[in-house]
Amino acid sequence: MYKFSANYIYLGNGEILKYGIIKLNEEGKITEIVDTKGVLKEEAGMQFYGGIIVPGFVNTHCHLELSHLRGEITKHTHLHGFIKELQSKRKQLSLVEIQKAAQIADKRMRAAGIVAVGDISNDAYTIPVKANSSIKYINFIETFGTNFEKAQLIFSEAKKLQKEFTDNKLTAFVVPHAPYSLSKELFELIKHNSVLENAIQSIHNQETPSENDLLSSKTGELFEMFSSWGLNMNYIEHLAESSLKYFAKKMNHKSKTLLIHNTFTKAEDIVFAKNHFEQLYWAFCPKANLYIENQLPDVSVFRENNCTICLGTDSLASNDSLSILDEMLEIQKVFPEIPFSELLQWATINGAKALGLEQTLGSIEIGKTPGLNLISDFDFKNNIISSKSKVTVLI
Ligand SMILES: [Zn+2]
């Protein structure tokens with residue numbers, strides 16, 4: 001049996017216990033939570049830590065298969081520049097080297113206190129890493145293709161890849177890549193499949209202003225790049241007021257939906273999406289946004305609209321670390337008015353709900369196995385994390 005105590009225990013659901021004690025069995029399942037009412041207690045076998053104890057972090061958006069690209073892609077080139085460079089560099093290493101980088105990234109994520117990851121996958125490369133990882137992966141098989149004649153083929157390939165994951169006891173769903181990269185036909189196949197499987201959906205949303213330009217007026221940097229590739233732009237059969245309004249009806253509005261990035265999403269779109277999707281989660285990846293577009297989403301507008309927010313790291317192609325604590329710190333720097341306990345919910349329980357893992361992860365509750373992190377060098381005076389704060393995995 002394990003017994004842990006610290007200056008404060010953040011349960012992850014908003015509740016905080018001063019000098020609380022958490023007891024767990026050998027498997028890491030929580031068996032008892034003791035509220036000492038702020039009185040420091042000694043107990044045989046108890047480990048006391050200076051700092052705060054929080055549930056394991058949930059990273060709702062990553063691309064483990066791009067881990068070998070750390071430091072390879074130029075910063076601040078906007079999404080079209082990022083895509084161009086990524087295309088040329090993503091497979092320049094051998095499979096063994098790609099897998100080795102994924103293996104290291106997986107271990108580092110766990111050491112950074114991450115217990116679950118929503119991971120975008122285009123290939124089967126990461127299956128061996130994930131099948132042997134202590135992190136729970138929810139895999140999103142990413143599809144794209146603007147040629148309607150190839151829609152069925154692309155979809156069938158994605159289903160095959162999904163089966164490779166599920167054959168290895170890994171959860172996987174087929175999802176669209178982004179609003180601008182799929183034909184209407186491919187969107188329809190995925191939507192139909194999502195309804196059948198009640199699949200969790202994920203899509204990159206409004207990561208760059210040129211995404212809105214493309215789908216509202218066929219202009220902008222993405223439009224110019226696709227045109228220069230000789231792409232037939234007729235796959236965009238209708239225009240909409242915004243990218244979000246363009247793709248919303250092309251997706252299953254009933255099942256859990258993660259909108260990723262949302263860097264250029266305006267209040268009007270937020271209200272529209274909240275009305276349209278029944279189970280909506282907004283995933284922010286602040287460090288990747290700064291890397292690619294050098295801009296953060298207007299987090300305050302999402303809070304004003306009571307959005308359910310969760311956090312992601314994106315990949316090492318657009319980030320120098322895969323750490324949810326680092327992402328929290330980035331948001332806290334720009335939006336210091338957000339209470340730490342709220343930010344922590346984004347990093348834990350909201351992410352667990354988004355990935356359908358809230359029965360076991362995301363908060364410190366009896367019967368759950370959420371993993372426990374110690375955050376040391378916490379700024380108790382201001383109740384915030386600082387650049388000195390560190391994560392240590394307790395269990
Ligand atoms: Zn991404």
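## A histidine in helix α1

His78 counts as partly exposed because it has 18 C-beta neighbours inside 10 Å, where a residue is called buried if 20 or more other C-beta atoms lie within 10 Å of its own, exposed if 12 or fewer, and partly exposed in between, with C-beta atoms placed from the backbone. His78 lies in helix α1, and its phi is near 65°, a positive value in a residue other than glycine. Helices (H or I, at least four residues) and strands (E, at least two) are DSSP runs, numbered from the N terminus.

Residues are numbered from 1 along each chain as its sequence is written. The model is a predicted one, in which local features need pLDDT of at least 70 and side-chain atom pairs count only at pLDDT 80 or more, while totals for chains, interfaces and linings use all residues.

## The protein as a whole

The protein contains 14 helices and 15 strands. Its radius of gyration is 21 Å, close to the 21 Å that the globule rule gives for 395 residues, so the protein is as compact as a globular protein of that length; the radius is taken over C-alpha atoms, and the rule is 2.2 Å times the number of residues to the power 0.38. Along the principal axes, the C-alpha trace spans about 70 × 40 × 40 Å.

Of the 395 residues, 48% count as buried. Two residues are in contact if their C-beta atoms, placed from the backbone, lie within 7 Å, and among contacts between residues at least 6 apart in sequence, 71% join residues at least 24 apart.

## Two domains

The protein is divided into domain 1 (2-54 + 380-393) and domain 2 (57-361), with bounds that come from an automatic or database domain assignment. The C-alpha centres of the two domains lie 32 Å apart, and their contact takes 13 residues from domain 1 and 14 residues from domain 2.

On the side of domain 1 that touches domain 2, the residues divide into seven nonpolar, six polar and no charged. In this scheme Ala, Val, Leu, Ile, Met, Phe, Trp, Tyr, Cys and Pro count as nonpolar, Asp, Glu, Lys and Arg as charged, and the others, Gly among them, as polar.

Two packed helices are described by the angle between their axes and the distance between the axes. For helix α1 (residues 78-89) and helix α7 (residues 220-228), the axes come within 8 Å and cross at roughly 35°; axes are lines fitted to C-alpha atoms, for helices over the stretch in contact, and angles run from 0 to 180 degrees between N-to-C directions. In this contact, His78, Leu79, His80 and Lys84 of α1 meet Glu221, Leu222 and Met225 of α7, which by class gives three nonpolar, two polar and two charged residues.

Helix α1 and helix α7 also take part in covering the buried residues of α6, as does α8 (243-247); those buried residues are Ser210, Glu211, Asn212, Leu214 and Leu215. Gln206, in the loop between β10 (201-205) and α6 (209-217), is buried, with 23 other C-beta atoms within 10 Å, and has a positive phi near 45°. After α6 comes Lys218, whose phi is positive as well, near 50°.

## A parallel sheet

Four strands form an open sheet in the order β10-β11-β12-β13, with parallel pairing, where two strands pair if DSSP finds at least two bridges between them. Strands β10 and β13 (309-311) stand at the edges, each with a single partner strand, so one side of each is left without a neighbour in the sheet.

Neighbouring strands of this sheet are turned by 30° against each other on average, direction ignored. Strand β11 (residues 256-261) is joined to strand β12 (residues 279-284) by five bridges, and Leu259 stands opposite Trp282 in β12.

Four bridges join β14 to the antiparallel strand β5 (residues 46-55), with Pro55 opposite Leu372. Strand β14 also pairs with β15 in the antiparallel sense over four bridges, and the partner of Ile375 in β15 is Val391.

Asp377 is placed in the loop between β14 (372-376) and β15 (390-393) and is partly exposed, with 13 other C-beta atoms within 10 Å. Not counting residues up to four places away in sequence, Asp377 touches Ser386, Lys388, Ser389 and Lys390.
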